[in-house]
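Here are some notes to read beside the model. Please keep the sequence and the structure open as you go through the points.

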Amino acid sequence: MPELIASPTRIPVPGGKVIDEHVGRVNLADDPLGAAVSVARMVAPAGWSEPFQTPQFDEITLVIAGEVVVDHDGGALHVSAGQSVVTRAGERIRYSCGPEGAEYVAVCLPAFSPDTVGREDEA
């Protein structure tokens, strides 16, 4: 039977970014689907960035508004509203956003976990 997810779970993070998880380890903690995939809406303020990371999951990022910048070992990829980007497990990347901030949806396979994101400032 279909299951309604009436509202996401807001996950507090530093730097002013808002994460609203619809599916994942927080919002579906007791469901195997919660470990298999995460789907979250993100809103990042102008100038936001996070440390480089080497995640153990693939991530699909669909930009709704603004611009997301993905720095990688080969340079930087600018992803505008209406575009998406796929990053693969094991790639060293860093997410940031353009001067107007960004709104985007992130889908991680398997689901995002602080233990598998591999942020360099936490090594």
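1. Start with the lining of the largest pocket. Its residues divide into 17 nonpolar, 5 polar and 6 charged. Here Ala, Val, Leu, Ile, Met, Phe, Trp, Tyr, Cys and Pro count as nonpolar, Asp, Glu, Lys and Arg as charged, and the others, Gly among them, as polar.

2. A word on the source. This is a predicted model, where local features need pLDDT of at least 70, side-chain atom pairs count only at pLDDT 80 or more, and totals for chains, interfaces and linings use all residues. Residues are numbered from 1 along each chain as its sequence is written, and side-chain values use heavy atoms, with hydrogens and water left out.

3. Back to the pocket. The largest pocket holds about 570 Å³ of space. Of its 28 lining residues, Val 13, Lys 17, Ile 19, Phe 112 and Arg 119 are the closest to its centre. Strand S2 (18–23), S3 and S7 each give two or more residues to the lining. S7 gives the largest share, 4 residues. (A pocket is an open set of points on a 1 Å grid over the protein atoms alone, where a 1.4 Å probe fits, with protein on both sides within 12 Å along at least five of seven lines; lining residues have an atom within 4 Å of a point. Points are joined across faces, edges and corners, and the volume is the space filled by probe spheres set on them. Strands are DSSP runs of E, at least two residues, numbered from the N terminus.)

4. Now take Lys 17. Lys 17 sits in the loop between strand S1 (9–12) and S2. Is Lys 17 buried or exposed? Lys 17 counts as buried, because its relative accessibility is 9%. (Buried means under 20% relative accessible area, exposed over 50%, partly exposed in between, with a 1.4 Å probe and protein chains only.) Beyond residues up to four places away in sequence, Lys 17 touches Met 42, Val 43, Ala 44, Pro 45, Trp 48, Glu 50 and Tyr 104. (Contact means heavy atoms within 4.5 Å.)

5. Next, the rings. How many aromatic pairs does a search of the whole structure find? The search finds 1. Phe 57 and Phe 112 form this pair, which is edge-to-face, at 5.8 Å centre to centre and 65 degrees between the planes. The two residues are 55 apart: Phe 57 is in the loop between strand S3 (38–44) and strand S4 (58–72), and Phe 112 is in the segment after strand S7 (93–109). (Rings of Phe, Tyr and Trp, with its six-membered ring, pair if their centres lie within 6.5 Å; planes under 30 degrees apart are stacked, over 60 edge-to-face and the rest tilted.) Phe 57 is buried at 2% relative accessibility, whereas Phe 112 is partly exposed at 29%.

6. Cys 108 belongs to strand S7. Cys 108 is buried, because its relative accessible area is 4%. Phe 57 is one of the residues that Cys 108 touches, along with Ala 36, Val 37, Ser 38, Asp 58 and Glu 59, leaving out residues up to four places away in sequence.

7. Look at Pro 110, in the segment after S7. The peptide bond from Leu 109 to Pro 110 is cis, with omega near -10 degrees.

8. Last, Thr 87. Thr 87 lies in strand S6 (residues 84–87) and counts as buried at 5% relative accessibility. Neighbours within four places in sequence aside, Thr 87 is in contact with Asp 58, Glu 59, Val 70, Ile 93 and Tyr 95.
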